[in-house]
Amino acid sequence: MPITVARHAGFCMGVKRAVDGAVKAAQEGRKIVSFGELAHNPQVIEKLASIGVTVIHTVEEAAGRVVLIRSHGVSPEVTQALERTADQVIDLTCPFVARLHDFVARYSADGSPVILVGQSDHPEVTGTIGFAQGPVYTVHDVHMAQALPQLERALAVSQTTFPHERWEQIVPVLRERVGELTVQNTICTATALRQSEARELAASVDAMLVVGGKSSANTRKLYETCKGICPRTLLVERAADIPPGFANIHSDSIGITAGASTPDWSLKEVVTRMTDKEVLDQLTTEEAQNSFMADVEATLVKIRPGQTVKGTVVQITDDEVCVNIGYKSDGLIKREDLVDENVQMGDEIEVEVVKVNDGEGNVVLSQRNIVNRKAFAELVEKYNNNEYVEGVGKEVVKGGLICTVNGIRAFVPASQIANRYVEKLNEFVGQTLKLKIIEMDEQKRRIVASRRAVVREEAAAKKAEAWAKLAEGEVVHGVVRRLTDFGAFVDLGGVDGLIHVTDLSWAHVKHPSEIVSPDQEVDVKILSLDPERERIQLGLKQLQPKPWDVAPEKYPAGAVVVGKVVRITTFGAFVELEPGIDGLVHISQCAATRIQKVEDAVNVGDEVTVKVLSIDPEAKRISLSIRALLEPEPAPVEEVAQEPVYDNGEEAVAVDIEAYAASMEDEAQQ
């Protein structure tokens, strides 16, 4: 059986550098953690855990520890947050990834857009996005590239582990969508070489083994490449995953390659397994056996941990249910692992094999595991579809809140509970929370969820819906939320608009509280909309008639009205008839007899009854008289003296001299 091992297989330079750095740091005897898994390989994580290097996923967990930034890199914001929280931060970002970050940061410094080719949820991609100063578009296939908007200019870069042939397919499409496209091929040279070598090897063998973590995007892309060429391609994490009948041990040629996160010892283990002649001979002997026991066992069900089988209930006790699954031993289900509590003797039920042998020859089964697995599969689907889930707060733990989502435990970091800082998380225990899954580890069945993401997305959707309904000039209903010195903010159902203090009333307003109060419902007119700056200018006074437009009807010449003295000058007193409308009582009209100063007749704040002598709405002037109400009406004459003319705003008065002299003579005669 010829076996060919790819020359460029196993740890890439970036991952090896990160793992070596972690081992070196651990040898110093300090509390070492990595921000995310250093490599997407369970064996590597187990090895690192054995020397004290554990994994964290939130900044809060870094307090008091030495934190390693993995080869994928993180955004500048995350680095800064870690530096504020941790005792020390050791940056193990791959040089190829750091080069990608530098390209993005320099090109987008002026706000220019960047097109990042890669998986949007990959940690390397999310970290790279943080270096952009302008918009970022992520695409991972030709169809997504074709859906991009037309851009004047942009930079095209790639995730360092992205398949080179797919990059070559996408770039021409990008050139059609962008007028001035700057292309930087940032794919790691080792990645491109590994993929090219794997394609050549897969085309020349009968069967192919790809060794690496199943959660590794790099390894999975390598597997998909080989699988497309050699149908008998198998992805394994370790030698034990290779099934006995995978290849014909006498005639098949086998190729072996490994992903960038696969350690040397794991690759060697697989190669040794496939070349160990003693094992091969043993397998051959076992396959050739045709003994009585082989014939008996051939009639029995073959089971393995994690397998789902159907069985018949043969015994029920207070603590357990015994199920015949066709195996040489019956299976036992503990009551807490039984979903159907009303199960009866003879019922056929579906169960999962937990252990083939519990040490006493019994098979351990679970019915709840099946439900949990299905529930987890549903959550995976919701995560992939970017859908919300509902969870119930169960307990507060260090760094956040544990919730149950469809019976599955999910961790909600404290920073993801709400938009604001929440000091006491206990208030969420027992509450039903709408959540969004932001991190999913299918292998470890670990879920990280966020309530803050839901709140923000729903607020954004509500805001967008509210903006779509608004139009300048329309009258809308809202609720006053808060007051400031310069105006009142009104909630229009998802967005806030401002009524400036000058638009609250036609009269002068010192503070908005004179007109409106918090939680008051009001109808307002939209004066202007600025979607880009998210500003809405509203008006309240615009829904009321201008005081001077109706003043001639309310205050015709000869009308007697009551007003309040609001200002006194040397030539007369200004009387407020209503907010926004003041009239002048000339000094000669303040009293029945001649006075030296206006204060001899009236004072500011006095309420007086006056008679309208004349009104000029265009000039916004009203002449008033107190004297006319204190003396008999004069006999009608052919000519009437010109009444005083004044400017209500500038406090300037022009008085007809002859009329003023005549009034003085009348006063002298009296």
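This is a predicted model: local features need pLDDT of at least 70, side-chain atom pairs count only at pLDDT 80 or more; totals for chains, interfaces and linings use all residues.
Local features need pLDDT of at least 70 and side-chain atom pairs count only at pLDDT 80 or more, while totals for chains, interfaces and linings use all residues. Residues are numbered from 1 along each chain as its sequence is written, and side-chain values use heavy atoms, with hydrogens and water left out.

**View 1. Helix H13, residues 368-384.** Helices (H or I, at least four residues) and strands (E, at least two) are DSSP runs, numbered from the N terminus. H13 has 17 residues and reaches 24 Å from its first C-alpha to its last. This is close to the 24 Å expected at 1.5 Å a residue, the expected span being 1.5 Å times one less than the number of residues. Ile370, Ala375, Phe376, Leu379 and Val380 of H13 are buried (under 20% relative accessible area, 1.4 Å probe, protein chains only). Asparagine 386 follows H13 and has a positive phi, near 60 degrees.

**View 2. Strand S17 and its partners S15 and S16.** Two strands pair if DSSP finds at least two bridges between them. S17 (residues 363-366) is joined by three bridges to S15 (residues 331-334), and the two run parallel. In this pairing, leucine 332 stands opposite valine 364. Three bridges also join S17 to S16 (residues 348-355), here antiparallel, with valine 353 opposite leucine 365.

Definitions and conventions
Buried means under 20% relative accessible area, exposed over 50%, partly exposed in between (1.4 Å probe, protein chains only).
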